[in-house]
Amino acid sequence: MDTRWWRWLAGGMAGAQIVAGLGLPPAGMAMDGWVAQQISSPTRYVLGAGDRLNVEFFNIPEYTDQYQVLSDGTLHLPQAGTIAVEGLTLEQATQAITARYAQVLRRPIISLNLLQARPVTVAIAGEISRPGSYTLAAASPDSPSTLTQVLQQAGGVTQSADVRRIQIRRVSDRTLGTESVTINLWDLIQAGDIRQDLTLRDGDSIVIPTATTVNPEESRRLAAANFAADATQPIQVAVVGEVNRPGPHTLRLNTNLTSSNDGLEALTVSQAIRVAGGITQLADIRDIQVRRVTHTGQEQVIPVDFWELLMAGNLQQDLPLQNGDTIVVPTATALTSAELAELAPASFAADSMTVYVVGEVSAPGAIALPPSTSLNQAILAAGGFNNRARRSRVELVRLNPDGTILQESIDVDLSETLNAADNPSLRPGDTVLVGRSGLASFSDTLGLLLSPVTGVASLLRLLGL
């Protein structure tokens with residue numbers, strides 16, 4: 001058996017009494033789990049410097065009084081002198097005091113009550129929103145200060161936290177150094193194992209390591225935990241790539257947006273993209289990345305597949321975000337018309353796009369249209385062909401991401417449904433050129449040829465010739 005655990009529980013004071021009071025772990029139960037269970041129990045509050053006690057002696061009222069545990073962990077009592085109580089529970093301290101008074105009194109009956117518990121100061125570091133030192137409210141045997149309470153006070157764990165390997169480091173006494181135990185808060189989330197919510201002691205240090213990988217499903221569960229970062233606080237993120245308003249953005253929790261997000265109250269990738277104006281039609285939503293800097297300065301790259309979210313409703317892909325995250329939406333190498341049609345109504349798509357319809361239409365110019373609007377719909381939105389238009393063919397001009405220009409002649413049939421050949425889906429910035437019909441071109445040319453003759457004849461009439 002590793003006797004360090006016993007010394008750790010005893011706090012370096014009256015170890016034999018504490019060991020006798022606790023007994024041995026049940027058969028088949030690991031020492032780590034048994035230790036966590038014992039020191040997490042509300043009835044196992046241990047005394048320390050600053051605790052204020054009421055010591056009552058049966059039939060000896062002159063000894064009954066209030067006493068405070070001194071800085072050296074002792075009580076100074078009448079007749080008995082100095083008694084070490086630091087590291088003992090109330091029951092164990094009562095036994096120790098009774099044993100001492102048995103040397104000067106006949107069959108002493110003593111009861112011990114905690115009047116005011118000392119405040120607990122702990123340090124927390126690692127993947128926590130606000131690392132540092134924290135003083136917890138004075139505890140009591142019925143309401144001890146626990147690990148999740150200090151995590152909440154420190155702003156909650158980050159999304160990069162490895163909650164399966166949280167380390168609690170505790171100074172056992174002045175000579176034995178520091179002991180540590182590993183706490184698995186995932187068992188608390190997953191199975192409700194309250195033993196993992198460790199009771200803290202004054203001087204404890206809590207270290208939350210960084211997870212080596214990020215599981216999207218676990219991230220969503222962690223974000224919903226009461227010891228996670230506060231989702232009601234705004235965060236700053238950057239969204240770059242194929243979105244309509246790339247750059248830094250502030251995200252705030254909006255219950256209207258989260259109500260359709262399986263009840264998760266957290267700021268997610270889809271909300272960040274919506275705040276950035278939605279994706280463009282060139283976005284590769286299969287390969288979105290969330291880049292996150294951990295407390296060690298290392299960058300985590302977390303892949304997100306929004307095509308799974310769009311087609312299969314896989315909400316695990318809508319990763320919860322934290323302050324400082326960067327969302328990268330890359331450019332797609334090729335998108336089919338069917339894929340563009342699927343993207344257009346998505347909640348993370350842009351609300352509208354601008355295209356240009358010029359030439360022989362009733363209302364030429366820039367037009368705001370829903371994403372993935374077809375060529376035919378754009379012509380109709382511009383008022384349709386006028387009586388001079390060539391109705392059989394138009395020109396589509398598109399600026400490609402690499403800077404080249406695509407110009408394509410398209411046979412027009414306004415009765416056609418969306419298809420790549422005769423009625424393609426448009427992209428932001430596309431220009432549709434509607435030319436003149438043959439008759440209109442002939443009329444314009446004839447008018448131009450005859451205009452000098454018409455001008456001379458008009459001048460002769462004015463001169464009376």
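## Helix α7

In helix α7 (residues 216-223), the buried residues are Ser-219, Arg-220, Leu-222 and Ala-223; buried means under 20% relative accessible area, with a 1.4 Å probe and protein chains only. Viewed down the axis of α7, these buried residues fall within an arc of 165°, so they line one face of the helix. The arc is taken from the directions between the helix axis and the C-beta atoms. An α-helix has 3.6 residues a turn, so residues three or four places apart point the same way.

Helix α6 (185-191) is included in what covers the buried residues of α7. At the N-terminal end, α7 is capped by Asn-215, with a side-chain oxygen 2.9 Å from the backbone nitrogen of Glu-217.

## Model and confidence

This is a predicted model, in which local features need pLDDT of at least 70 and side-chain atom pairs count only at pLDDT 80 or more, while totals for chains, interfaces and linings use all residues. Residues are numbered from 1 along each chain as its sequence is written, and side-chain values use heavy atoms, leaving out hydrogens and water.

The pLDDT, the predictor's confidence in each residue from 0 to 100, averages 80 for the protein chain, and 78% of the residues score at least 70. Among the elements of the chain, strand β15 (residues 326-329) has the highest mean pLDDT (96) and helix α2 (residues 15-22) the lowest (32). Over residues 1-32 the pLDDT is below 50, and this stretch has 60 contacts in the model beyond near neighbours in sequence; contact means heavy atoms within 4.5 Å. Where pLDDT is low, the predicted coordinates should not be read in detail.

## The five-stranded sheet

Five strands form an open sheet in the order β12-β11-β15-β13-β14, with mixed pairing. Strands pair if DSSP finds at least two bridges between them. The edges are held by β12 (247-251) and β14 (299-304), each with a single partner strand, so one side of each has no neighbour in the sheet. The twist averages 25° from one strand to the next.

Strand β13 (residues 288-293) runs antiparallel to β15, and three bridges join them. Val-290 has Ile-327 in β15 as its bridge partner.

## The three-stranded sheet

A further open sheet has three strands in the order β2-β1-β5, with antiparallel pairing. Here β2 (65-68) and β5 (110-116) are the edge strands, each with a single partner, so one side of each is left without a neighbour in the sheet.

Strand β1 (residues 52-57) pairs with β2 over four bridges. Arg-52 stands opposite Gln-68 in β2.

Key. Helix = DSSP H or I, 4+ residues; strand = E, 2+ residues; numbered from the N terminus. Buried < 20%, exposed > 50% of the residue type's maximum accessible area, 1.4 Å probe, protein only. Polar contact = N/O pair within 3.5 Å; in protein donor to acceptor, adjacent residues only side chain to side chain. Axes fitted to C-alpha atoms, helices over the stretch in contact; angles between N-to-C directions.
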